[in-house]
Amino acid sequence: MAVNLVNVEAVSKVYGTRALLDGVSLGVSEGDRIGVVGRNGDGKTTLIRMLARLEEADTGRVTHSGGLRLGVLTQHDSLDPKATIRHEVIGVMADHEWAGSAKIRDVLTGLFGGLDLPGFENGLDTVIGPLSGGERRRIALAKLLIDDQDLLVLDEPTNHLDVEGIAWLAKHLQERRSALVCVTHDRWFLDQVCTRMWDVQRGDVHEYEGGYSDYVFARAERERIAATEESKRQNLMRKELAWLRRGAPARTSKPRYRIEAANELIADVPPPRDTSELMKFANARLGKTVFDMEDVTVTAGPKTLLQHLTWQLGPGDRIGLVGVNGAGKTSLLRALADAAVSQGEIQPAAGSVTVGKTVRLAYLSQDVTELPGTLRVLEAVQQIRDRVDLGKGREMTAGQLCEQFGFSKEKQWTPVGDLSGGERRRLQLLRLLMDEPNVLFLDEPTNDLDIETLTQLEDLLDGWPGSMVVISHDRFFIERTTDRTLALLGDQTLRMLPRGIDEYLERRRKMIEAAVPTPAAAPAQAKPGVSAADSRAAKKELQKVERQLDKLSDKEGKLHARIAENATDFELVAKLDAELRELAGEREELEMRWLELAEDA
């Protein structure tokens with residue numbers, strides 16, 4: 001029988017006039033892996049701080065089992081700024097001692113990319129004081145993970161980690177024997193690590209079995225049974241539920257409730273995006289040219305990040321951009337944005353960027369735009385415009401869009417200066433979309449956003465007609481909102497990944513296993529015997545082949561849908577099946593051609 005590690009009994013906590021937690025009773029046992037979700041400001045961090053006895057409850061009590069070894073990662077570290085990384089993480093252990101520990105080697109390699117900490121000027125002997133918040137957070141996490149604990153309590157552990165680091169952390173936590181309570185907005189991470197969920201809502205905590213996908217299903221089923229009003233039922237995370245059930249069934253663990261009821265709930269929900277319809281609308285808004293890069297070199301100071309890059313962003317393209325930190329993801333977007341803002345006058349270090357005449361670019365950077373603190377939320381949005389056209393005859397007022405982004409009617413009159421970091425991020429996104437752009441560049445759009453706001457943003461982007469490039473460490477968000485994944489692996493090239501982020505992680509793992517340093521300083525070279533002109537031509541044809549493959553995917557999807565609709569018409573099904581086989585042959589030829597061109601390029 002599992003030992004109870006922590007008991008929370010009838011705990012309440014009030015801030016000002018608002019009850020964050022009201023008579024909450026919970027328990028954490030050995031082997032529990034609990035994910036904590038809920039809207040920003042609803043009390044997630046307060047709950048786990050009281051769980052760890054870092055904060056006192058107003059009423060009720062929290063008890064720990066005798067001798068509990070507790071490890072806590074808070075949002076603000078307590079590292080000594082005068083100390084070195086070695087002192088904080090390794091302590092007084094001699095080099096041969098810690099280097100002989102498989103756990104310490106794994107943690108240092110997983111969080112820092114190597115035992116010599118390649119991102120830090122003096123390696124382990126780097127002084128902590130001048131480091132960035134993200135670097136300090138990784139050090140605090142490393143310090144925690146090299147110890148043994150009975151219970152780990154983690155508040156946003158994936159912040160400042162890239163896709164690779166998040167994948168490593170998920171695997172590491174799966175293999176640890178410690179119990180876990182974790183607050184995070186990273187839904188992929190929750191699915192990988194957690195077996196129970198706590199949903200903090202309006203002073204109460206609802207418990208669910210399973211990871212994030214199971215939680216979405218179970219919450220939808222619970223609210224369906226509760227038969228809440230129709231307007232609320234319509235907004236029941238149904239699009240996300242449909243996407244999880246239809247688009248990625250492998251994400252879910254064994255269901256623990258009536259799947260039939262969940263299927264009934266989404267029976268009338270169409271796929272998240274009508275890609276063909278959006279492409280038509282995007283073509284109408286943008287024409288044939290959006291961004292066309294020809295033999296471009298992108299630099300950052302003296303460092304060359306990308307070289308001989310030939311790439312097109314077409315109308316309706318939805319691209320997820322992943323890559324090694326420092327490989328040039330943000331620099332690539334800035335080079336395109338500079339060309340767009342200057343109408344082609346500002347060009348990269350070498351090569352040329354052609355910008356479509358109808359391009360209206362909105363660029364969400366990682367820096368939150370500062371607005372006058374006395375300005376109200378609604379006023380800040382109305383500064384851009386009062387109404388926004390969402391396409392296909394859909395229109396929203398500034399107030400309606402504010403509500404969709406989590407700003408209630410009362411909250412819309414809050415001064416900007418009183419907003420939290422996450423709320424400011426939401427307001428920044430909202431102002432961008434109100435300007436009716438037809439091209440979106442989103443650089444880490446998920447920073448500081450809670451899961452409910454993320455799902456609302458995803459739903460909004462589903463019907464947004466235009467071209468889009470997303471840089472994000474949130475794997476779930478990239479897979480949910482984009483159609484293709486491109487990667488920067490640090491070798492000065494941009495690569496298409498047909499199998500998405502899984503392929504990216506495989507490529508990176510092979511690079512590390514082969515003990516070959518990422519060749520950031522070495523210029524990209526074409527296949528021997530291929531001239532620079534032939535290489536550029538191959539890259540152009542590569543783009544065409546990728547578009548043909550996208551069109552084939554659309555055709556195959558429609559044929560599968562027709563076969564499902566006409567399952568009893570055997571003659572028609574046979575005809576459609578023959579068409580599918582023909583398309584499969586075309587796909588095989590195109591994929592072979594893609595591989596040949598990729599080698600030449």
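A residue is partly exposed when its relative accessible area falls between the buried limit, under 20%, and the exposed limit, over 50%. Arg222 has a relative accessible area of 32%, so it lands in the partly exposed class. Keep in mind that this is a predicted model.

Arg222 is part of helix 8, which covers residues 212-225. Leaving aside residues up to four places away in sequence, Arg222 touches His206 and Tyr208. Tyr208 turns up again in a ring cluster: ring pairs tie it together with Tyr212, Tyr215 and Phe476.

## Aromatic pairs

There are 6 aromatic pairs in the structure. One of them joins Phe112 and Phe120 edge-to-face, with 5.7 Å centre to centre and 75° between the planes. Both partners are tucked away from solvent by the numbers: Phe112 is buried because its relative accessible area is 6%, and Phe120 counts as buried at 7% relative accessibility.

Then there's Phe291 with Phe441. Their ring centres are 5.7 Å apart and the planes sit at 35°, so this pair is tilted. The pair links distant parts of the chain, with Phe291 in strand 10 (residues 291-300) and Phe441 in strand 17 (residues 439-443), 150 residues apart. Phe291 and Phe441 are buried too.

## A charge over a ring

What lies over the face of Phe407? That would be Arg426, at 5.1 Å from the ring centre.

Technical notes:
Residues are numbered from 1 along each chain as its sequence is written. This is a predicted model: local features need pLDDT of at least 70, side-chain atom pairs count only at pLDDT 80 or more; totals for chains, interfaces and linings use all residues. Side-chain values use heavy atoms; hydrogens and water are left out. Rings of Phe, Tyr and Trp (its six-membered ring) pair if their centres lie within 6.5 Å; planes under 30 degrees apart count as stacked, over 60 as edge-to-face and the rest as tilted. Buried means under 20% relative accessible area, exposed over 50%, partly exposed in between (1.4 Å probe, protein chains only). Helices (H or I, at least four residues) and strands (E, at least two) are DSSP runs, numbered from the N terminus. A charge sits over a ring if NZ of Lys or CZ of Arg is within 6 Å of the ring centre and within 35 degrees of the ring normal. Contact means heavy atoms within 4.5 Å.
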